[in-house]
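Have the viewer open as you read.

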Amino acid sequence: MVTSQRIAIVTGSGRGIGRAIALRLAQDGLNVVINDVNLDNAESVVNEIKELGRESFAVQADVSNRNEVFHMVNQVVERFGQLDVMVSNAGIAQIKPLLEVTEEDLNQIFNINVNGVLYCLQAAAEQMKKQKGGKIINAASIASYKGFSLLGTYSATKFAVRGLTQAAAQELAQFGITVNAYCPGIVGTQMWDLIDEKMGHYMGLERGEAFKKFSESITLGRSETPEDVAKFVSYLASTDSDYMTGQAVMIDGGVIFS
């Protein structure tokens, strides 16, 4: 059953930026499937989307597990008959000096932030090729353009996402599939609460001071909200961006100028 209603998956959408993206896409008229490792969080967002009059369901899947990602896409296609937008939002941060990074640390962050993006891209593209079109949208970061101290492994994963985005855009254009990425900056989320706490430990700062210190570098003079990011992803998911592919665009209030 293929419907005229567009269908999106947003990974890691039980909270934070992912939740804001999912809600914005629902407001835009899409039916949105919520993915998260925390099923309770995912179900809560599903209820919010249904209140907006859109269809939704939750899938508990770990994006670092390729089989679980492909099963998630299969569930969506079984339910709706299609997949039009894949937003690979799920990711983690890691705050450590590079000299302290262990093999376990490296495997964990790359498995989620890089492997997870690739698996979502592979699973979505297999379906989108059959439909002769679709939009794949990856979560990068300002750290995909500049490596940040104490965020070296995180920066490395986001540089990798930018590379995957560019390569995939070239490989998938023949199938009518566009691939782009969004690059948030300093966003007031639980992830940044963690970054603030861990950086404070290494920098000798009190809670909240690292976030404040980084926020002072924002040209527009305020920290970013998840909704700021969601507005741009809304554009990437819409037909307005049909002639755009292979781009990783800063949406950071003016921190990095590329």
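## The annotated site

Keep in mind that this is a predicted model. The unreviewed UniProt entry carries a "binding site" annotation, and it covers D36, D62, V63, N89, Y154, K158, P184, G185, I186, V187, G188 and T189. Those positions are spread over 154 residues of sequence, and they're spread in space too, with up to 25.1 Å between C-alpha atoms. As for the largest pocket, its lining includes these residues from the annotation: D36, D62, V63, N89, Y154, K158, P184, G185, I186, V187 and T189.

## D62 and V63

Let's zoom in on two of the annotated residues. D62 sits in the loop between β3 (58-60) and α3 (66-80), and V63 is in the loop between β3 and α3 as well.

If you skip its neighbours within four places in sequence, D62 is in contact with V37, E68 and V69. There's also a polar contact of 2.8 Å between the side chains of D62 and S64.

V63 has a relative accessibility of 6%, so it counts as buried, the cut-off being under 20%. Not counting residues up to four places away in sequence, V63 touches T11, N35, V69, A90, I112, G116, Y119 and C120.

## Helix α1

Helix α1 runs over residues 16-27, which makes twelve residues. From first C-alpha to last, α1 reaches 17 Å, close to the 16 Å expected at 1.5 Å a residue. Just after α1 comes G29, with a positive phi of about 105 degrees.

Which residues of α1 are buried? They are I17, G18, A20, I21, A22, L23, L25 and A26. The cover over these buried residues includes strands β1 (7-10), β2 (31-36), β4 (85-88) and β6 (177-184), along with helices α2 (39-51) and α8 (226-237).

## Cysteines

C120 counts as buried because its relative accessibility is 1%. C183 is buried as well, with a relative accessible area of 0%.

Terms used
Residues numbered from 1 in each chain as written. Predicted model: local features only at pLDDT ≥ 70, side-chain atom pairs only at ≥ 80, totals over all residues. Heavy atoms only, no water. UniProt positions renumbered as here; feature names shortened; annotations may be inferred. 1 Å grid on protein atoms, 1.4 Å probe; cavity = no way out; pocket = protein on both sides within 12 Å on 5 of 7 lines; lining within 4 Å. Helix = DSSP H or I, 4+ residues; strand = E, 2+ residues; numbered from the N terminus. Contact = heavy atoms within 4.5 Å. Polar contact = N/O pair within 3.5 Å; in protein donor to acceptor, adjacent residues only side chain to side chain. Buried < 20%, exposed > 50% of the residue type's maximum accessible area, 1.4 Å probe, protein only. Expected span 1.5 Å × (residues − 1).
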